[in-house]
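Me: I have just opened this structure and would like to learn how to read it. Could we go through it together, one question at a time?

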Amino acid sequence: MKAFVYRRYGGPDVVELADVPKPVPRDNEVLVRILATTVTSGDWRLRTLHVPAGLGLVARLAFGITRPRRPILGTELAGVVEAVGSKVTRFRPGDEVFGFPGGAMGCHAQYRTMPEDGRIARKPANLSFEEAASLPFGASTSLHYLRKAGLEPGDKVLVIGASGCVGSATVQLARHIGAEVTGVTSTRNLALVRSLGAHHVIDYTTDDFTAGGGAFDIVVDTVGGTPFSRFKPVLKERGRVLAVAAGVPEMLASLWAPLAGSRRIIAGPAAERVEDIPEIAALAEAGALQPVIDRRYAFTQIPEAHAYVETGRKRGSVVVSVEHP
Ligand SMILES: NC(=O)c1ccc[n+]([C@@H]2O[C@H](COP(=O)([O-])OP(=O)(O)OC[C@H]3O[C@@H](n4cnc5c(N)ncnc54)[C@H](OP(=O)(O)O)[C@@H]3O)[C@@H](O)[C@H]2O)c1
């Protein structure tokens, strides 16, 4: 089968089209014929090892010290079950599915196997394959953090980076739960963020999110690099900062913040839970979570998709259609 592989860390040109063996499902696995995948912020971070401050060594230990241990990137997929192992009961050939291998990657390929009890579920009937593939990365990250924060109806939530993949899912999910949502974004994305359900928007190119004071229960920071001291004035007593793009400084601050007052920082990698995938499907089917797709690329254009994602300017997701002969 065809796959994009990377054998060293570097720019978009390190991902190359290659012929690799087509995987064979084990007894408990399904073989998915991938029709759509995405290039996410996670893909460019793992390709470049450009990770938040202080996490370089941890990333090398996890993903390969001198070169990548897993050569095929791609965290999300949607497609059709082509074959199933002898013990599989939940899926049959022909089922339309979407899934989230997440950090295990391997979706920039024509086929991938997944355990039937893994992060895979039936594709929401109201979504195309591209739309379904675009959901898990942002929505599962968002669900993880909103759950950790204990978001409740009526809470005031500030989402920094509201037009990105995680931010656009967070605006929608927080609104769905009943929060009053303020999105921070640039001028060109104000209308998008409003259309996702934000009650208020702040244009960071002209306004400072701290200027209006404000009293938020939760600040979701998907951009990173802002010290906790800047968030404190806009946080209520017992308020929480969700440091989605945290490096070591934010992780250390998350340890001492509770000692210095009632406000907290929640940081660290999002858990990749099996239950999230059917939950995301249900939210999408109910219309509570809409796909936000910026650009679409053909499979052979994956290096171009990487280059665009690396600009840090994408809105929502960048999807890739996977062709088969
Ligand atoms: N903790 C975890 O487990 C976890 C999981 C997933 C992702 N992440 C991390 O979370 C971060 C966000 O991921 P993502 O996939 O959402 O990224 P993304 O989609 O690439 O984010 C791009 C968006 O960020 C916006 N942006 C850039 N600078 C901004 C600023 N100063 N203020 C407001 N918006 C700004 C851009 O909008 P404009 O063009 O309008 O600026 C763009 O729409 C990444 O660092 C990623 O590595 C962490």
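Me: How many salt bridges does the count come to?
Reply: This is a predicted model, in which local features need pLDDT of at least 70 and side-chain atom pairs count only at pLDDT 80 or more, while totals for chains, interfaces and linings use all residues. Residues are numbered from 1 along each chain as its sequence is written, and side-chain values use heavy atoms, with hydrogens and water left out. A salt bridge here is a side-chain nitrogen of Lys or Arg within 4 Å of a carboxyl oxygen of Asp or Glu. By this rule the count is 16.

Me: Which side chain meets Lys 87 in a salt bridge?
Reply: Lys 87 sits in the loop between strands E4 (77-84) and E5 (96-99), and its partner is in the loop between E2 and E3, 60 residues apart. Helices (H or I, at least four residues) and strands (E, at least two) are DSSP runs, numbered from the N terminus. The N to O distance is 3.8 Å, and the partner is Asp 27.

Me: Is Lys 87 buried or exposed?
Reply: Buried means under 20% relative accessible area, exposed means over 50%, and partly exposed lies in between (1.4 Å probe, protein chains only). Asp 27 has 40%, so Asp 27 is partly exposed. Lys 87 has 58%, so the word for Lys 87 is exposed.

Me: How far apart are the closest N and O atoms of Asp 208 and Arg 230?
Reply: Asp 208 lies in the loop between E10 and E11, whereas Arg 230 belongs to helix H7 (residues 228-231). Asp 208 is partly exposed at 34%, and Arg 230 is partly exposed at 32%. These two form a salt bridge, with the closest N and O atoms apart by 2.8 Å.

Me: Asp 43 has no salt bridge, so which side chain of opposite charge is nearest, and how far away?
Reply: Asp 43 is in helix H1 (residues 41-48), and Asp 43 is buried. For charge, Lys and Arg count as positive and Asp and Glu as negative, while His and the chain ends are not counted. The nearest side chain of opposite charge is Arg 47, at 8.2 Å.

Me: Which residues is Asp 43 in contact with, leaving aside neighbours within four places in sequence?
Reply: Contact means heavy atoms within 4.5 Å. With those neighbours left aside, the residues in contact with Asp 43 are Thr 38, Leu 73, Gly 74, Thr 75, His 108 and His 306.

Me: How many of the residues of H10 are buried?
Reply: The buried residues of H10 are Ile 302, Pro 303, Ala 305, His 306, Tyr 308 and Val 309. They pack against several elements, including E1, H1 and E14. H10 is largely enclosed by the rest of the structure, because the buried residues number 6 of the 8.

Me: What kind of aromatic pair do Phe 4 and Phe 299 form?
Reply: Rings of Phe, Tyr and Trp (its six-membered ring) pair if their centres lie within 6.5 Å; planes under 30 degrees apart count as stacked, over 60 as edge-to-face and the rest as tilted. The search finds 4 aromatic pairs in the whole structure. Phe 4 and Phe 299 are 5.4 Å apart centre to centre, with 75° between the planes, which makes the pair edge-to-face.

Me: Which residue in E12 is the bridge partner of Val 220?
Reply: Two strands pair if DSSP finds at least two bridges between them. Strands E11 (residues 216-221) and E12 (residues 235-243) run parallel and are joined by 5 bridges. The partner of Val 220 in E12 is Leu 242.
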